[in-house]
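Me: Please walk me through this structure, beginning with a term I shall need.

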Amino acid sequence: MASAGLVLLSAGEKAFIEDGVAQNFRADGRQCGDARDFTVETRVVSNTNGSARVQADGTNVLVGVKLVTIEPDEATPDLGKVVFMVDCSAGASPAFINRGGDDVARALESALKRLADTPGALDLKSLCIIPGKRAWQLHVDTVVLECAGGNLFDCCGLAVRAALGCTEINKTEVVADETGEPIDFEVLEEATLLDVQHFPVLVSLFQIGRLHVVDPSSHEEACARGHMLVAVNRDGRVCSVHKGGRGGVTPGVLVEMLRLARETGIAVVDALDRKLANLTHPGP
């Protein structure tokens, strides 16, 4: 999850990493519960309604959001939609060459969709234009530019939240016929920002020995027995949990992993919001 391909380690290298984790000290100087620092830029792609770029160590992710109008589903006539597409560029990692990144891209799309499907994550009703007739659909396109350091899933979650947070939704004016029935709409120049206050981020946890670490390096992943991908919002609410890897997780370990995920998620969202608040842009 952190890198495109699995790193092969000797028994001595694995023992070194496992011993360090047991002492709450990792090879890069972090403690087990520390996520890596990251940088974020927004409005970096001019032909989108919102965009962001997140970099953490050697991982670089770009997200663009574009709006199109659709006919809403019959089951949800007053709701807009969000769809995700991920492209793991062949230049991002040797493991992505010859369609090697397809499985990673599909896994990322599923993880990001779980974020958007979280109740209350996005106000999909605000994307409705004419109930049962027209609504906005958000196309969230993620491109992995480089994958050689920071955890890929965590970076994508941050970049998507940042891009959605600066996405401008144009206001509309409904046009009605003589009976008052809405028949069309006009797109106005005035726009509002999409509310992502409750949109969660992804927190990756890997079990190494009897302990677990967040935001693992590729070397730490190679030592792990199993991993868990947890979606957490700014309030510390666990929105989804996805278990992977070999081996089970005991109830006691699960409780501890979720506790650490909540603490990390709150800290990461706070760091992201502070970084975004410090950004200035010349345009609207």
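Reply: Strands are DSSP runs of E with at least two residues, helices runs of H or I with at least four, both numbered from the N terminus; two strands pair if DSSP finds at least two bridges between them. The model is predicted, so local features need pLDDT of at least 70 and side-chain atom pairs 80 or more, while totals for chains, interfaces and linings use all residues. Residues count from 1 along each chain as its sequence is written, and side-chain values use heavy atoms, without hydrogens or water.

Me: What do S11 and S12 form?

Reply: They form a hairpin with five residues between them, and Gly236 in its turn has a positive phi of about 85°. Seven antiparallel bridges pair S11 with S12 (residues 238-245); Val230 has Val241 of S12 as its bridge partner.

Me: And how many bridges join S9 to S11?

Reply: Seven, with S9 (residues 201-208) running antiparallel to S11. Val201 stands opposite Val232 there.

Me: Why is S11 largely enclosed?

Reply: Seven of the seven residues in S11 (residues 226-232) are buried, so the rest of the structure largely encloses this strand; buried means under 20% relative accessible area with a 1.4 Å probe, protein chains only. Gly226, Met228, Val230 and Val232 cover one side, and His227, Leu229 and Ala231 the other.

Me: New topic: which residues touch the most others in the largest nonpolar core?

Reply: Leu108, Leu138, Val144, Leu152, Leu164 and Phe199 do, among 56 members. Such a core is a set of buried Ala, Val, Leu, Ile, Met, Phe, Trp, Tyr and Cys residues joined through side-chain atoms within 4.5 Å. Helix H3 (residues 152-165) gives the most to this core, ten residues.

Conventions: Buried < 20%, exposed > 50% of the residue type's maximum accessible area, 1.4 Å probe, protein only.
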